Structure formats: structure tokens, C-alpha cells
Amino acid sequence: MEGGGMAAHLSVRGVSKRFGATPVLTDIDLRMARGELVTLLGPSGCGKTTLLRVIAGLTQPDSGVLELAGRDITRLPPYRRNVGVVFQNYALFPHLDVAGNVAFGLKLRKRPKAEIDASVKRALELVHLGALADRPVRALSGGQQQRVALARAIAVEPSVILFDEALSALDRKLRETMQGELRRLLRQIGATAVFVTHDQEEALTMSDRVAVMHRGRIDQLADPRTLYDRPATAFALSFVGQSLRLPGTVVDADGDGSMVETAVGQVRAPRRFLPGSPVIVATRPEHVRLAEGENTLHGTVTGVTFQGSRSVVEIDAGGAVLMAELPGRQALPDPGTPVSFGWPVAETLLFPAEEAA
Amino acid sequence: MRTAALAFSWAMAILACLFLLAPLLVIAAASLSPTPVFDLPVGGASWRWYGRIASLEGFWPALWLSVQIALLSTALSLVAGTMAAAAIVRGRLPGAEAFAAALVSPLMMPGLVLGIAMLQYFRGIGFTASWPALLLAHLVITLPYVARTMIAGMSRFDFTLIEAALTLGCTWPQSVLRVMIPALAPSFLVAGLFSFLASFDNYPVSIFLTDVRTKTLPIKMLQYIEEAPDPTLAALSTLILLGTLVLLVIADRAVGLSRMAGTGE
């Protein structure tokens with residue numbers, strides 16, 4: 001599953017791309033196993049869509065090598081790559097009906113008529129659109145168009161399916177339904193897929209691994225759990241999930257980690273830095289406890305929000321506003337009261353200060 | 001109040017339609033005139049004027065010339081106008097807007113001015129063959145119609161469709177043939193229709209470029225009217241009207257009129 005082994009199904013090595021003087025992709029490496037679902041996650045302008053287009057063959061990289069299903073595809077045009085693309089606006093052909101759209105790629109491959117009909121039927125049934133085969137595509141809803149685009153992409157049995165913000169045009173509820181459905185369907189047909197999205201929830205839900213992209217580079221490529229628990233950079237930390245962050249300076253370091261001095265107390269972290277380094281100390285809101293512990297800091301409660309199964313406590317810690325998430329029905333402090341709080345050393349994250357974007 | 005306003009709007013719409021259609025109805029009615037003047041067929045209609053069309057002096061050569069010029073100038077305009085539109089919409093040309101305005105500008109020019117200007121110009125360069133001169137002049141008339149329609153059509157065209165076709169296995173030329181041209185079919189049809197009709201019934205430009213042997217149908221028709229004003233002309237006009245209607249119906253069957261006029265989704 002991890003794609004790090006010898007038999008990568010899709011392999012991107014050292015790919016770089018500039019638009020004029022602006023680097024859009026810098027030395028990208030990505031190896032995917034067959035059947036793996038990987039998301040490229042990042043804010044707009046991070047290069048994720050360009051990377052997708054490079055894999056599809058719609059954009060030529062300046063340097064680097066691409067291999068797909070054992071072939072070097074770096075210099076191949078899109079129509080020889082056997083990739084499927086689901087575009088953000090679906091890009092359905094307006095002059096063809098639903099079945100015509102799905103059959104488009106099969107006809108180009110000169111398959112026999114009976115085989116095309118069977119493949120179209122199968123693809124439409126997979127996306128639950130069997131009944132709409134002869135509708136014009138204009139008459140369909142956004143969700144249905146999305147399914148047609150998907151059926152069109154999978155009908156030709158591509159080596160990899162690429163999704164360019166494919167769900168972002170749908171409303172929230174439909175999007176969540178489609179996420180689950182799409183994941184099941186891709187598993188069912190054993191597809192290898194790359195999603196591009198700026199929606200971190202979608203990335204965590206849909207993928208085996210997530211590549212967090214930032215300024216044309218992959219900051220971290222990891223499974224969702226690792227990405228959340230052990231973000232590799234301050235950017236990955238801030239882009240995925242909620243977090244608390246405090247600036248500080250390393251005052252001591254030993255074999256077990258570093259001791260950091262912040263404006264509101266000292267914190268131990270398992271990562272080692274040279275004493276004197278400016279750093280960012282961070283953790284996730286659910287690790288915070290309002291009690292003295294391994295790491296104890298001091299602040300003032302500025303707000304409490306009850307959210308049913310949990311409560312969110314807002315703490316002013318020397319100017320930085322931190323959000324702590326407390327489970328269950330424990331007694332909560334009133335706004336304005338001073339409070340000691342902390343979190344386990346094992347859950348303390350440390351990043352160089354200059355990385356914080 | 002609202003009902004009254006709505007009724008008023010409806011009344012105005014119906015009146016406007018009547019105002020626009022009345023001359024056509026009158027000419028169709030007059031073509032059935034029982035007398036040799038433009039009479040309404042009250043108390044007895046006659047089809048004899050239709051029979052006379054074919055025997056009008058020089059009718060067939062004039063019709064054939066008009067059809068030839070209209071078809072050829074439309075075909076050439078479709079090719080040139082479409083390529084120009086592609087360059088303007090997609091070519092990232094500096095000054096694309098100015099090019100577009102220049103292409104469409106003959107539409108804004110009075111036909112008479114255009115006709116005189118071309119006559120002077122062709123004379124000036126010693127280009128006196130009237131058939132090619134006529135074709136060139138009609139290209140100037142038809143090209144703006146095509147350019148305008150194709151620029152509009154292409155700016156609405158989603159070029160992601162081409163990329164989708166490429167990833168599905170189309171080469172570049174195939175994607176243009178299988179996706180772009182069919183998706184733009186309504187624009188081609190509108191452009192072609194406008195262009196054909198503009199050339200076919202053009203008078204003010206043609207009048208300066210025809211000679212005794214090379215006369216287009218509209219010019220011939222005006223000559224008939226001056227020589228012998230009888231309902232044969234009404235019959236001919238009615239036939240041209242019917243021909244236009246048939247064209248529109250075929251176009252409607254092919255792509256849908258609402259898609260052509262851009263009034264429907």
C-alpha cells in the first residue's frame with residue numbers, strides 16, 4: 001500500500017515546472033502503488049493542479065521523469081497515456097447524450113459496438129445512472145453530471161484516474177455523500193487515483209495517503225493519521241486540522257528532546273533543536289488539559305463554548321489565543337479566571353520558527 | 001394593476017409582431033392578385049404570376065449568380081471568420097479587441113459608402129472582372145456576420161472540453177473535429193445563415209459592381225419593378241420568403257432555434 005516499494009504503479013521523479021520566472025513545481029517526487037488513492041492537498045497556487053496536469057500530459061514539465069504502469073510517459077501526449085481525468089467543471093460534451101459521453105473514449109479505441117455498449121452500461125450502472133443513458137447532459141443536475149464525468153473516465157479502464165477538485169462544485173451535503181460513494185466505487189474497481197483538493201476534510205476522508213503541497217513542493221506525504229498526529233512542517237500542521245501554536249526559544253536540548261521557553265512557561269518536546277533556536281511549539285486542541293502536568297503553562301480564560309459532547313475553552317496565553325477542546329461534562333472555568341494548562345510531552349510538536357507561514 | 005400591465009405588454013407584443021409581419025403577409029397576398037396590379041385577392045385568387053417567374057428575362061442567370069456568390073462568400077467567410085475568431089479569442093494577440101472591432105466594422109458602414117469605396121478601389125487597381133469583384137465585395141459583407149457570431153460562440157466555448165477529449169484518446173485534430181466543431185454547430189449554422197442571407201439580398205454594394213451580363217437577383221428584381229410592375233415580383237418575393245422559412249426550419253431541426261438565437265439554455 002505504501003508505494004515506497006519497488007513496483008510503483010505511478011512514479012513521479014524530480015519533476016519541476018516554471019511558468020516564466022515563477023517556479024510552480026520544484027523537484028516533486030511521488031510514488032504510488034497500484035490501487036492506491038492519494039490526495040494532493042494545498043491552498044490555491046500551491047502547484048497541485050499543475051502536478052495533476054503534468055501527470056495527465058496536459059502540461060509538459062521542464063525536468064523530471066514520469067512512469068505509469070511500467071512505461072516512461074514523460075514525453076507521451078495525453079492521448080497515449082491511458083489516464084482518466086474528472087475535471088472540476090466536468091467538461092461533458094454538450095452535443096452528446098449521457099451514453100455518448102461515456103462511449104466517447106471507447107469509440108476512439110475502436111472497440112466493437114457490442115463491447116462498447118456493454119462497457120457503457122456497466123460504467124453507468126456503477127455510478128447509478130443506468131436509467132439516464134439517453135438524456136442530454138444539459139438536463140442533468142450537478143451531482144448527476146459529476147457521475148457522468150466519472151463514468152466517462154472509468155469506462156476506458158485508465159491506468160490512473162485524476163480528479164481535479166471534482167467535488168468542489170457540489171453543495172456540502174451532496175459532496176459528503178459523494179465522498180463516501182466515490183471511495184467505495186474506486187475500491188470496488190481497484191482504481192489507482194489522484195485527487196486534487198483544497199478541502200482537508202475531503203483529503204482525510206478519501207485517501208490512503210495525503211501529499212500536503214506548499215509553494216510548489218510536497219511538504220509531507222503520509223497517511224491521514226500520521227499527517228494529523230505528526231505533521232512534518234508548521235504548514236502541514238496549520239493546513240490540516242486545528243492547532244495551538246506558541247512562539248518560543250530552545251533553552252536546552254538532550255537525547256530525549258528540547259526544553260523551550262515561551263512567554264507563559266516552559267515546555268518539553270520530543271524533537272531536538274540547537275539551544276538558542278527560535279521555534280514554534282504546538283499541539284492539537286484535544287490534547288490540552290486544564291491542570292498542571294508534564295508541561296504546564298499559564299493563561300487567562302477568555303471564553304467558553306459548550307458544544308454538546310465537548311466544550312471549547314479559549315485561553316489568552318501572553319497575547320496568543322489558544323483553543324482547547326475538553327471532552328464531556330467537566331466543570332469549566334469562568335471567563336476572566338487565570339488558569340494553568342498543559343499537554344503531554346509526547347504530543348508536543350516543535351518546528352523552526354522561520355517555517356511558520 | 002399587475003394584470004392590466006401584463007395585458008398591455010401582451011398587446012404591445014402582438015402589435016409589434018403584426019407590424020413586423022404585415023408587409024410579408026401583404027406581399028404574399030398580392031402575389032395571388034387576380035389583376036395585373038398589386039391587388040389583394042378579394043373575390044378570386046390567381047396563381048398565374050408564379051408561372052411567370054421562370055419566364056422573366058434573365059431570371060435564371062441572376063438567381064444562379066446570387067446563389068453562387070452567396071454560397072461561396074459564406075463558405076470562405078466561415079473558414080476565414082472562424083480562424084480569425086479562434087485567434088482573437090484564444091491567441092493572446094496584443095490588441096485582440098481592436099482586431100475584433102475591425103473585423104466587424106463593415107456591419108456599421110452604410111452599404112452605399114462601402115459600394116462606392118470598393119468601386120473606386122477596384123478601378124484604381126485596374127481590377128475590372130465583375131464576377132471576382134462581386135465575390136470579394138460580398139466577402140466583405142459576409143465576413144463580419146461570421147466573425148461576430150464565431151467570436152461570441154468561441155468565447156462561450158469551454159476549452160476544457162478539448163483537454164477532456166485529449167485525455168480520452170483524441171489527437172489534437174480529432175478533438176477539434178469530434179468536439180469543438182460539433183459543440184459549436186449552432187454558431188456555425190447561425191453564422192452561415194446570416195452570411196448567406198446578407199449576401200443573397202444585398203443591393204447597395206452589388207449595384208456598383210455589376211455590369212450588363214453580371215447581375216444579381218436583387219438588382220434584377222429592381223429592374224423588373226421599374227420596367228413592368230406586375231405581381232410576378234410579389235410571387236418571387238413570396239418564394240424567397242418561403243425559401244428562407246424552409247432554411248430556418250431545417251436549422252431548427254438540426255440544432256434547435258432557441259440554441260441558435262441564444263434564448264434557450
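Some housekeeping before the structure. Residues are numbered from 1 along each chain as its sequence is written, while chains are lettered from A and ligands numbered from 1 in the order in which they are written. Since the model is predicted, local features need pLDDT of at least 70 and side-chain atom pairs count only at pLDDT 80 or more, whereas totals for chains, interfaces and linings use all residues.

I'll start with chain A. It is divided into domain 1, residues 10–238, and domain 2, residues 243–355; those bounds come from an automatic or database domain assignment. The C-alpha centres of the two domains of chain A lie 39 Å apart. Six residues of domain 1 are in contact with six residues of domain 2, contact being C-beta atoms, placed from the backbone, within 7 Å. On the domain 1 side of that boundary there are four nonpolar, two polar and no charged residues. For those classes, Ala, Val, Leu, Ile, Met, Phe, Trp, Tyr, Cys and Pro count as nonpolar, Asp, Glu, Lys and Arg as charged, and the others, Gly among them, as polar.

Now the sheets. Helices (H or I, at least four residues) and strands (E, at least two) are DSSP runs, numbered from the N terminus, and two strands pair if DSSP finds at least two bridges between them. An open sheet in chain A has six strands in the order β6-β7-β8-β3-β9-β10, with mixed pairing. Its edge strands are β6 and β10 of chain A, the latter at 217–222, and each pairs on one side only. Neighbouring strands here are turned by 20° against each other on average, direction ignored. Axes behind such angles are lines fitted to C-alpha atoms, for helices over the stretch in contact, and angles run from 0 to 180 degrees between N-to-C directions.

Residue by residue, Val38(A) stands opposite Val194(A) in β8(A). Leu40(A) has Val196(A) opposite it in β8(A) and Ala211(A) opposite it in β9(A).

Is β3(A) mostly covered or uncovered? Mostly covered: five of its five residues are buried, where buried takes 20 or more other C-beta atoms within 10 Å of the residue's own, exposed 12 or fewer, and partly exposed anything in between, with C-beta atoms placed from the backbone. In a regular strand the side chains alternate between the two faces of the sheet. Leu37(A), Thr39(A) and Leu41(A) are buried on one side, and Val38(A) and Leu40(A) on the other.

Helix α4(A), residues 142–155, lies across β6 and β7 (160–164) of chain A and runs at about 175° to β6(A).

There is another sheet in chain A. Four strands form an open sheet in the order β17-β16-β15-β18, and the pairing is antiparallel. At the edges stand β17 (320–327) and β18 (338–341) of chain A, each with a single partner strand, so one side of each is left without a neighbour in the sheet. The twist averages 45° from one strand to the next. Strand β16(A), residues 310–317, pairs with β17(A) over eight bridges, and Glu314(A) has Met323(A) in β17(A) as its bridge partner.

Where do the chains meet?

Last, chain B. UniProt, in an unreviewed entry, places the feature "domain: ABC transmembrane type-1" at residues 63–251 of chain B. UniProt positions are in the numbering used here, feature names are shortened, and annotations may be inferred rather than shown by experiment. Over residues 63–251 the chain is 77% helix and 0% strand, with end C-alpha atoms 22 Å apart. Val67(B) lies in helix α3(B), residues 59–90. Val67(B) counts as partly exposed because it has 15 C-beta neighbours inside 10 Å.

Notes: Two residues are in contact if their C-beta atoms, placed from the backbone, lie within 7 Å.
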